[in-house]
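Please look over the sequence and the structure below before reading the briefing that follows. The notes are grouped by topic.

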Amino acid sequence: MLDQDIVREATRLTRAGRLVEATALLQRMLQGGGAPRPESRSGAQARLPRPDPLTIDATANFVEERKAQQISPARFDRGRRRSSPLDGMRDFSGLGLRSPITRAPLSPSDIMPDGTRFIAGTFSNAAGSRTYKLFIPSRCQGQRLPLIVMLHGCTQSPDDFAAGTRMNFRAEEQNCFVVYPEQPSGANQSKCWNWFRTGDQRRGGGEPSMIAGITRQIMRDHPIDPKRVYVAGLSAGGAAAAVMGATYSDLYAAVGIHSGLACGAASDLPSAFVAMRQGGGSKAIADGKTCVPPTIVFHGDRDTTVHPKNGDQIIEQSARAMRPTTKVLRGRVPHGHAYTRTVLTDGAGWAISEHWTIDGAGHAWSGGSPAGSYTDPHGPDATREMLRFFLEHSLGG
């Protein structure tokens, strides 16, 4: 049960700019503790435990559809370190911070195939300014091509996200543009998209207006097919992608959400923390609209950062006001994770959503490359499947 006195106190601390204390208080509540006395709050923060960040050590495999089998949990290496008062905010960021010394510097070959381009750009409007990186495929010769908008997770960058997902490599195969908007630390301490703030969950303002603005700028400056524009993201970026689908359903033909939350799952920091730990509400707040584009969701069933229940709520939101037909498929990646793929189709047989639940997986991009952060190479390949799902859909199609 939620202690409303603690929630109110956490809200007060948030409004006062004391985010670390607010997060620590919520952590204590969810762990079954009561509110600390004012004189002991700092000590309580220092004593709060935090799981060590996970580093997955594995090799990549391709998906093979077959009967589900028993699979043992992936092996994880856990680094040991002392906790600090900032750990609460790092937990809230949606991704534990991994020491940079454990990762080799990225090279161009980690990010894009030979013969392609990855260029920087900037967009500004009344809400602010954001930089981005744009992938241009080698076979771009004037014909109108699809565009995928990729929203990174907390603490990540466009280069890191591109390397981890290998979306540029898949996009080169399918002849697509890919743009990676970047969230600066000045907008959020951990470079998270602010998916939980009501001002950043509405059309025409805040971060959604900048992400949509970047999308439209690319569409003006490059040969993009306006009926084949898509948005995807991881963790906080996945939650932001859900917001974009709910608020700009006339711009994006389909949405991909990995380890994220539904639009409207939270309205402030306290409710965001609760939604991440326990699942949030699925009420859309996008100017009263309920139309959500076709959506594909990936979520590990052992995700302890964003509760897997959030994946269920995204699918519920995308299928609202419909009576879909459900088909359940089970499979296993050779030497990797087993998974359950639930496909919802409309009366005409078109897929309106797919929900991939990955057995034994945590908070990481499924099937990603170890060159990037927060990836699980044990699969299935979320990048390949998202792109496949996207290209099956078009606006008005």
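Is Ala236 buried or exposed? At 3% relative accessibility, Ala236 counts as buried, where buried means under 20% relative accessible area, exposed means over 50% and partly exposed lies in between (1.4 Å probe, protein chains only). The model is a predicted one, in which local features need pLDDT of at least 70 and side-chain atom pairs count only at pLDDT 80 or more, while totals for chains, interfaces and linings use all residues. Residues are numbered from 1 along each chain as its sequence is written, and side-chain values use heavy atoms, with hydrogens and water left out.

- Ala236 belongs to helix H9 (residues 236–247), helices (H or I, at least four residues) and strands (E, at least two) being DSSP runs numbered from the N terminus.
- Although Ala236 and Gly153 are 83 residues apart in sequence, their C-alpha atoms are 5.3 Å apart in space.
- Ser394, in the segment after H12, is partly exposed at 29% relative accessibility, and its C-alpha atom is separated by 7.8 Å from that of Val229, 165 residues apart along the chain.

**Disulfide and other cysteines**

- With a disulfide taken as a pair of cysteine sulfur atoms within 2.5 Å, the count comes to one disulfide, which joins Cys154 to Cys192 with an S to S distance of 2.2 Å.
- The torsion about the S-S bond of Cys154 and Cys192 is about 125°, so the disulfide is right-handed.
- Cys154 lies in the loop between strand E5 (145–151) and helix H6 (158–165), and Cys192 in the loop between strand E6 (177–181) and helix H8 (206–221), so the pair ties together parts that are 38 residues apart in sequence.
- Cys154 is buried, with a relative accessible area of 0%, and Cys192 is buried as well, at 3%.
- Elsewhere, Cys140 is partly exposed, with a relative accessible area of 25%, whereas Cys263 is buried at 0% relative accessibility.

**Aromatic rings and charges over rings**

- The structure holds seven aromatic pairs, given that rings of Phe, Tyr and Trp (its six-membered ring) pair if their centres lie within 6.5 Å, with planes under 30 degrees apart counted as stacked, over 60 as edge-to-face and the rest as tilted.
- The ring centres of Trp195 and Phe196 are 5.6 Å apart and their planes stand at 85°, so this pair is edge-to-face; both Trp195 and Phe196 are buried.
- Tyr230 and Phe390 form a stacked pair, at 5.0 Å centre to centre and with 0° between the planes.
- Because Tyr230 lies in strand E7 (residues 224–234) and Phe390 in helix H12 (residues 382–391), this pair ties together parts that are 160 residues apart in sequence.
- Tyr230 is buried at 0% relative accessibility, and Phe390 is likewise buried at 0%.
- Phe118, Phe161, Tyr180 and Trp365 are linked into a cluster by ring pairs.
- A charge sits over a ring if NZ of Lys or CZ of Arg is within 6 Å of the ring centre and within 35 degrees of the ring normal; Arg166 lies over the face of Phe169, at 3.8 Å from the ring centre, and the charged end of Arg277 sits over the ring of Phe273, 4.9 Å from its centre.

**Helix H10**

- Seven of the ten residues of helix H10 (residues 269–278) are buried, so H10 is largely enclosed by the rest of the structure.
- The buried residues in H10 include Leu269, Phe273 and Met276.
- After H10 comes Gly279, whose phi is positive, near 95°.

**Backbone features**

- Most residues other than glycine have a negative phi, and most peptide bonds are trans.
- Ser235, which is not a glycine, has a positive phi of about 60°; Ser235 is placed in the loop between E7 and H9 and is buried at 1% relative accessibility.
- His335 also has a positive phi, near 65°, but His335 is exposed at 70% relative accessibility, in the loop between strand E10 (325–332) and strand E11 (338–345).
- Gly379 and Pro380 are joined by a cis peptide bond with omega of about 0°, and Pro380 is found in the loop between strand E14 (375–376) and H12.
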